[in-house]
Amino acid sequence: MSGYLEGLIAVLAINIIIAYSVYLPAAAGLLNLGSAGFVLVGAYTAGALTSLHGVSLWLAVPAGGLLAAVIAFAVSFPILRTRGVYMVLATFAFAEVVGGVLLNWPGLGGAAGLSVIAWPGLAAVVAVAAAVVAGAAWLMSTRFGLSVRAIHDDESVARLFGVDLRATQVAAFTLGGFVGGVGGALLVHQFNFIDVQGTGVLFSIYVLLYVLMGGTQTVWGPVSGALFFTLVPELLRHVASLDPSLKSLESGRFIVFGVAVVLLMVLRPQGLITRTMIERLFRRPSAGAQHG
Amino acid sequence: MADALTLDSVSKAFGGLQVIEDLSFSVPRGSRTALIGPNGAGKTTVFNLISGVYIPDSGRILIGETDAAGVSAARRVGLGLSRSFQNIRLMPHLSAVENVMLGEHHRRHPLAAAWGKRATSRARAALADAGLDAYEGMVVSELPYGIQKRIEVVRALLAEPSLLLLDEPAAGLNGAETDELRLLLERVSDRGVTILVVEHDMPFVHSFCNHVVVLNFGRKIYDGDNEGVRRDPAVLEAYLGSQSGVSDAA
């Protein structure tokens, strides 16, 4: 396998993992623009453990996830007191605080970033991504998943049927933090480097777009969003290399990509994958025979 | 044995608007009670007070023998209270069977499976009992209004309530659908469930209910049997300006 393809698959796998860190809270109606914060916590925790303390990579990765989860749990209480755009701003502010702390932490590289040596390998990263997708699918197939989706649709009715709104949302936010931390821990080790400037608000916006464009109605939305956002720009680059007349596409591919995103938002605001689409794909022929 | 529900001098105002004023009535256990009144009388507000969506400004609400004041909206379902809504409040992105499963949510472990035959058996059986099994896997936002209305009632039933609040369950249903609904609710009532129903469909009220409470401008103007309400002067005045009987209002 070429280095380019290996790198692309690794980026895709890590993007999928981090997309689920935003999907889990989003499925419960919580918009998180602070995924970069949890990714940075996981990345710097795991990176520091392997490069400064000689800890095994496979202990450092869950440790990064756990610290991100603990922080997510702690900040979820004030963040969940906000709603709508204020929640988006609160999560954004959280990520900025994390970034600010790390930028001013010389022991972790400060503005120069953190370099690590340990490397998980492509197979391990893909395996973790598959495990995250499978875990999210299992979780959403439980009563917890049902209550998460009920809150997303109508939290006041969900409450009247006994759904503990606060506990469910805190759990979803904390799980999202854990997954983001694990994603960050793999990110820093797969590419042997991370810095705060490259993991800022634009990073969080992209991850949020993976989820919103993919769709929050089903557990498959983040995968499709991450696939779209990771592969379409690369596909455009490939197309541009096929013929000299398409050379302008290489520099203009992000314009084409931006137009595609706007069109997607206009034509399919509910996301690429919807519940109705899944239901139609797997509907039994007899079901709905009386549908009138 | 205590009544299934007791409101004792309950009042509720929104800003300067007094919506419910010193309201007291009881719903006998096992009864089929109708809460009726002209538009704006405060019927849905009473439901919202009982189910914990609103907190009364004063007065007490007893669900069975339990004072509801210290019980959150999420925990009232554990007291045996379940309800439907005036405007359909199903979860639009969930299937019919998933919506119905939400009714029994409070009795299940959070990590229990929500899929598979065992996990969904009760919800499927409840849908089948209501003649809705053909729709169980369909996303409810794609279903017709009348079907959604009945699914909402089934969801409320799966909570296994001892007190069932139904807010205009027959609204928007055609004659056949209303008859099916009445038969379903009669089976539920025969199991001993107390039913409190807000309804404008007076033939439905007269044929189904055995106890009627009438509100007007947030105050009780009648509390008695199904026959007396047709002749009560205050009720006639509230509905039609004393020109005709309540039954004519339908």
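**The core and the domains**

Guide: The largest nonpolar core has 165 residues, and those with the most contacts inside it are I17(A), A19(A), V100(B) and V154(B). Helix 1 (residues 3–27) of chain A gives the most to this core, with 14 residues. This is a predicted model, in which local features need pLDDT of at least 70 and side-chain atom pairs count only at pLDDT 80 or more, while totals for chains, interfaces and linings use all residues. Residues are numbered from 1 along each chain as its sequence is written, and chains are lettered from A and ligands numbered from 1 in the order in which they are written.

Visitor: What is a nonpolar core?

Guide: A nonpolar core is a set of buried Ala, Val, Leu, Ile, Met, Phe, Trp, Tyr and Cys residues joined through C-beta atoms within 7 Å. A residue is buried if 20 or more other C-beta atoms lie within 10 Å of its own, exposed if 12 or fewer, and partly exposed in between, with C-beta atoms placed from the backbone. Helices (H or I, at least four residues) and strands (E, at least two) are DSSP runs, numbered from the N terminus.

Visitor: How many residues does each domain of chain B bring to the contact?

Guide: Two residues are in contact if their C-beta atoms, placed from the backbone, lie within 7 Å. Here domain 1 of chain B brings 14 residues and domain 2 of chain B brings 12 residues. On the side of domain 1 of chain B that touches domain 2 of chain B, helix 6 (175–190) of chain B gives the most, with five residues.

Visitor: How should I read the sheet in chain B?

Guide: Two strands pair if DSSP finds at least two bridges between them. In chain B, an open sheet of six strands has the order 6-7-8-3-9-10, with mixed pairing. Strand 6 (81–83) and strand 10 (219–224) of chain B stand at the edges with a single partner strand each, so one side of each is left without a neighbour in the sheet. Strand 9 (residues 211–216) and strand 10 of chain B pair in the antiparallel sense over five bridges, and V213(B) has D223(B), in strand 10 of chain B, as its bridge partner.
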